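Please read the following report alongside the sequence and the model.

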Amino acid sequence: MVNIEIDEGSGFCFGVTTAIRKAEEELAKGNTLYCLGDIVHNGQECERLKKMGLITINHEEFAQLHDAKVLLRAHGEPPETYATARTNNIEIIDATCPVVLRLQKRIKQEYDNVPASQGTQIVIYGKNGHAEVLGLVGQTHGKAIVIETPAEAAHLDFSKNIRLYSQTTKSLEEFWQIIEYIKEHISPDATFEYYDTICRQVANRMPNIRKFAAAHDLIFFVCGRKSSNGKILYQECKKVNPNSYLIDQPEEIDRSLLENVRSIGICGATSTPKWLMEECKKAILNEK
């Protein structure tokens, strides 16, 4: 008999949970509700909410909208979005994650207090074009420098002051690699300050998911293709258990992998709903 375990630590983080709850509450009232961008980087969950009536729009469509109600997802938005809402009489339901909100305020304060003319670089370790990063860079009127990998830290101007922040869902290990590199290369005449702004609820999943992946013969990591956090966590699974496979939905399960396996682990990203992991378990059991 095969043992199938769903990782208790996987699933929505509290920021995503709050955003989805707010959407469900509003839709339950029968109101028309728009969401600026995918509410979560998971196609299956987005489809479920679409069936409930949630209308996903992009920024161009948002700019054309008037007298409507729009949900801002957990990733956060730049100041321009709020300005457009005021101009177009759009009611905002703000589901920005509190961790992201604090980070936005901290970066804005840094930018307002220490303008770039004083030679200070505001650096964000994150993914270019990611919704959260766009919101963070927006706090600096587009002046912040985004680096995606520790290697890109080499392109910074080490003769100038550096203030380093991180996207909340990035790797803590790589963040510290960047810190050490900057410390080694910064000019004695420049100052360097860094702020560990990585969400601990996300960071703590790394050691937990390594332990979970190592405890099973086969791992199915359930995750939407757009999830940055998912890509990081999946790679952690793969490091400790090469027999790990990323799937978006139950239909992607390769039945041939189930042969001669006694222990299967199902886990996912902060954007993976519990119900989807449960569906994957059912799919395995029904066919086994």
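## A helix across an open sheet

Helix α9 (residues 205-214) lies across β1, β10 and β12 and runs at about 160 degrees to β12, where axes are lines fitted to C-alpha atoms, for helices over the stretch in contact, and angles run from 0 to 180 degrees between N-to-C directions. Helices (H or I, at least four residues) and strands (E, at least two) are DSSP runs, numbered from the N terminus. This is a predicted model, in which local features need pLDDT of at least 70 and side-chain atom pairs count only at pLDDT 80 or more, whereas totals for chains, interfaces and linings use all residues. Residues are numbered from 1 along each chain as its sequence is written, and side-chain values use heavy atoms, with hydrogens and water left out.

The open sheet is formed by four strands in the order β1-β12-β10-β11, with parallel pairing; two strands pair if DSSP finds at least two bridges between them. At its edges are β1 (3-6) and β11 (244-247), each of which pairs on one side only, and the twist from one strand to the next averages 20 degrees. Four bridges join β1 to strand β12 (residues 263-268) in the parallel sense, and Ile264 in β12 is the residue that stands opposite Ile4.

## The covered strand β6

Strand β6 (residues 120-125) is mostly covered, with six of its six residues buried, a term that means under 20% relative accessible area, while exposed means over 50% and partly exposed in between (1.4 Å probe, protein chains only). Thr120, Ile122 and Ile124 are buried on one side of β6, and Gln121, Val123 and Tyr125 are buried on the other.

On pairing, β6 runs parallel to β8, to which six bridges join it, and Ile124 stands opposite Tyr165 in β8. Strand β7 (residues 145-147) is also parallel to β6, with three bridges between them, and here Tyr125 stands opposite Ile147.

The structure holds six aromatic pairs; rings of Phe, Tyr and Trp (its six-membered ring) pair if their centres lie within 6.5 Å, and planes under 30 degrees apart count as stacked, over 60 as edge-to-face and the rest as tilted. The ring centres of Tyr165 and Tyr195 are 4.8 Å apart and their planes lie at 15 degrees, so this pair is stacked. It links distant parts of the chain, since Tyr165 belongs to strand β8 (residues 161-166) and Tyr195 to the loop between β9 (192-194) and α8 (200-203), 30 residues apart. Tyr165 is buried, at a relative accessible area of 1%. Phe192 and Tyr194 form a tilted pair, 5.5 Å centre to centre with 40 degrees between the planes, and ring pairs link Trp176, Phe192 and Tyr194 into a cluster.

Glu110, in helix α5 (residues 98-113), is buried with a relative accessible area of 10%. Leaving aside neighbours within four places in sequence, Glu110 is in contact (heavy atoms within 4.5 Å) with Ile122, Arg163, Tyr165 and Tyr195.

## Arg225 in its loop

Arg225 lies in the loop between β10 (218-222) and α10 (228-240) and, at 47% relative accessibility, counts as partly exposed. Not counting residues up to four places away in sequence, Arg225 touches Lys231, Leu246, Ile247, Asp248 and Glu252.

The side chains of Arg225 and Glu252 are joined by a polar contact of 2.7 Å, that is, a pair of N or O atoms within 3.5 Å, of which, within protein, one must be able to donate a hydrogen and the other to accept it, with residues adjacent in sequence counting only if both atoms are side-chain atoms.
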